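User: Could you walk me through how to read a few features of this model? I would like the general idea of each one, then the case here.

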Amino acid sequence: MIKKLLLAVMLIIPAFGFAQKFAVINTQTIIEAMPEMATARTQLKASSDKFEEEFGKLQTTLKNAIAEYEKAEKDASTPQSIKDRRVQDIQEIQQKMEEFRNTASQDLQRQQEQLMAPIQQKLMDAIKGVGADGSYTMIFENVAPLYTGSDVEDITAKVKTRLGIK
C-alpha cells in the first residue's frame, strides 16, 4: 500500500513541475474574416466565370452539331457517310467538353491552393506568435470539442487581434 502511494506521488510530482497551458482556436472563423480571403474569392470567381463562359461556347457548338445531325437525318438524300461524320463530330465535341471540364477543375484547384498558401502561412505565423507569447504547450483546433476544461483558453480573438482583424 505504501509502495503504491509512493509511486503515485512520484508520478504526480513531475506534472506539477511543468505547468502546461492548452488553448483552442477556430481557424475557419479567422480565415473567413481575413481580407486576403475576399481577394482570393474574387480571383477564383473571375477564373471560374471565364471557364463557365468557355464551357458555354462548347455547349453551343454541341447544340449546333446535334442540329446539323438531326437535319441530315431527316433528309433522305443525305449519304450515310455524312451522317456518320456528324455523329463523329458530336462525339469529338463531347470529348472536348469532358477534357475541358477536367482541366478547368484542376486549374481552379491549383489556383485555390496557390491563393490559400500565403493566407494559411500568415495565419500559422500569427498562431505561433500568440502561442509563444502566451507560453502555450499546445493549441488545438476548436471544431467540435466534446469537452473543454476551464483551464483551456480560446485564443481565436487574440490571433484575430494579432492579424489586425476585428
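User: Let's start with charged pairs: which residue forms a salt bridge with Lys122?

Analyst: Side chains of opposite charge can pair when their charged atoms come close. A salt bridge here is a side-chain nitrogen of Lys or Arg within 4 Å of a carboxyl oxygen of Asp or Glu. In this predicted model, Lys122 pairs with Glu36, and their closest N and O atoms are 2.4 Å apart. Lys122 is in helix α4 and Glu36 in helix α3, so the pair ties together parts 86 residues apart in sequence. Helices (H or I, at least four residues) and strands (E, at least two) are DSSP runs, numbered from the N terminus.

User: Before we go on, how are residues numbered, and which atoms and confidence limits apply?

Analyst: Residues are numbered from 1 along each chain as its sequence is written, and side-chain values use heavy atoms, leaving out hydrogens and water. As the model is predicted, local features need pLDDT of at least 70 and side-chain atom pairs count only at pLDDT 80 or more, while totals for chains, interfaces and linings use all residues.

User: How many salt bridges does a search of the whole structure find?

Analyst: The search finds 12. One of them joins Arg41 and Glu32 at 2.2 Å, N to O. Arg41 is partly exposed, at 40% relative accessible area (buried means under 20%, exposed over 50%, partly exposed in between, with a 1.4 Å probe and protein chains only). Glu32 is also partly exposed, at 39%.

User: How do I read the packing of α4 and α5?

Analyst: Two packed helices are described by the angle between their axes and the distance between the axes. The axes are lines fitted to C-alpha atoms, for helices over the stretch in contact, with angles from 0 to 180 degrees between N-to-C directions. For α4 and α5, the axes come within 9 Å and cross at roughly 115°. Residues in contact (heavy atoms within 4.5 Å) include Leu123 and Ala126 in α4, and Val159 and Leu163 in α5.

User: And which residues have the most contacts inside the largest nonpolar core?

Analyst: In soluble globular proteins, nonpolar side chains tend to be buried together. A nonpolar core is a set of buried Ala, Val, Leu, Ile, Met, Phe, Trp, Tyr and Cys residues joined through side-chain atoms within 4.5 Å. The largest one has 19 residues, and those with the most contacts inside it are Ile30, Met34, Leu123, Ile155, Val159 and Leu163. Its largest share, seven residues, comes from α4. Leu123 touches Thr27, Ile30, Ile31, Val159 and Leu163, leaving aside residues up to four places away in sequence.
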